[in-house]
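The entries follow in the order I looked things up.

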Amino acid sequence: MKRLIILDSLLSFLFISIAQAEILIEPVLGYNFATKAEIKGPNGDKSKGSGSGVGYGGRIGFQAVGFQIGADYLHSSLSLDKDIDETVDTNELAAFVGYEFPVFLRVYAGYIFSATGEYKDGNSQKVKLSDGSGTKFGIGFTGLPIIDINLEYRSGEFDQYEVNGAKTDNKTSYNSLFLGLSAPFTF
């Protein structure tokens, strides 16, 4: 009987929370830094790069009793140096969950389920990166009136590497820090 009461209480809390959920729309603008990328060729050769660049996107989802869930998009333009001396444009789609504490702090995590990238190599050939996936973890300061300040760590890998329509077995992995400003609107 005690378990039934606890289950009933949890379900009631869940349904009340869903009924009181707000829609979350949150544009994001920021800067990628400490970015590291590595291309692994089929023969075991590696090309490495590091760099930084701007990023923008947003989140859309639901928020109830501090909990957040939804979808996340981020477009980045990264200038890489060392072996990979190129500007790489990437697009990431992710599902995220988060929690906004009442004390000016938010934490969130996401799974990047779709990522693509594009750049021109040293021979001016267009290189397309696709079938990307990865994870992201973030923490945000929510104490300002409209703006949140977020620090996010992203890590992932592109499984497809295509040059002039020919796919190769190269794998591209990356990780990056992203410092962003966002404006979460709920209604």
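Is F141 buried, partly exposed or exposed? I looked up its relative accessibility, which is 40%, so F141 counts as partly exposed. I note at the outset that this is a predicted model.

Entry on F141 and its partner. I found that F141 forms an aromatic pair with F104, with 6.4 Å between the centres and 50° between the planes, which makes the pair tilted.

I counted four aromatic pairs in the structure. One of them is Y99 with F101, an edge-to-face pair at 4.8 Å centre to centre and 80° between the planes. I looked up the accessibility of both: Y99 has a relative accessible area of 24% and is partly exposed, and F101, at 33%, is partly exposed as well. Y99 and F101 also belong to one aromatic cluster together with F67.

Entry on a charge and a ring. I noted that R59 places its charged end over the ring of Y108, 4.6 Å from the ring centre.

Entry on the core. Which residues of the largest nonpolar core touch the most other members? I found Y119, V127, L129 and Y161, out of 15 residues in that core. I then traced which strands contribute: at least two core residues come from each of β1 (22–40), β4 (87–101), β5 (105–120), β6 (126–141) and β7 (148–163). As background I wrote down that nonpolar side chains tend to be buried together in soluble globular proteins.

Entry on Y161. I listed what Y161 touches, leaving out residues up to four places away in sequence. Its contacts include the core members Y119, V127 and L129. Also on the list are I39, K128, A166, K167, T168, N170 and T172.

Entry on D45. I located D45 in the loop between β1 and β2 (46–64). Its relative accessibility is 47%, so D45 counts as partly exposed. Neighbours within four places aside, D45 is in contact with I39 and K40. How far apart in space are D45 and N170? I read 9.4 Å from C-alpha to C-alpha, for two residues 125 apart in sequence.

Terms used. Residues are numbered from 1 along each chain as its sequence is written. This is a predicted model: local features need pLDDT of at least 70, side-chain atom pairs count only at pLDDT 80 or more; totals for chains, interfaces and linings use all residues. Side-chain values use heavy atoms; hydrogens and water are left out. A nonpolar core is a set of buried Ala, Val, Leu, Ile, Met, Phe, Trp, Tyr and Cys residues joined through side-chain atoms within 4.5 Å. Buried means under 20% relative accessible area, exposed over 50%, partly exposed in between (1.4 Å probe, protein chains only). Helices (H or I, at least four residues) and strands (E, at least two) are DSSP runs, numbered from the N terminus. Contact means heavy atoms within 4.5 Å. Rings of Phe, Tyr and Trp (its six-membered ring) pair if their centres lie within 6.5 Å; planes under 30 degrees apart count as stacked, over 60 as edge-to-face and the rest as tilted. A charge sits over a ring if NZ of Lys or CZ of Arg is within 6 Å of the ring centre and within 35 degrees of the ring normal.
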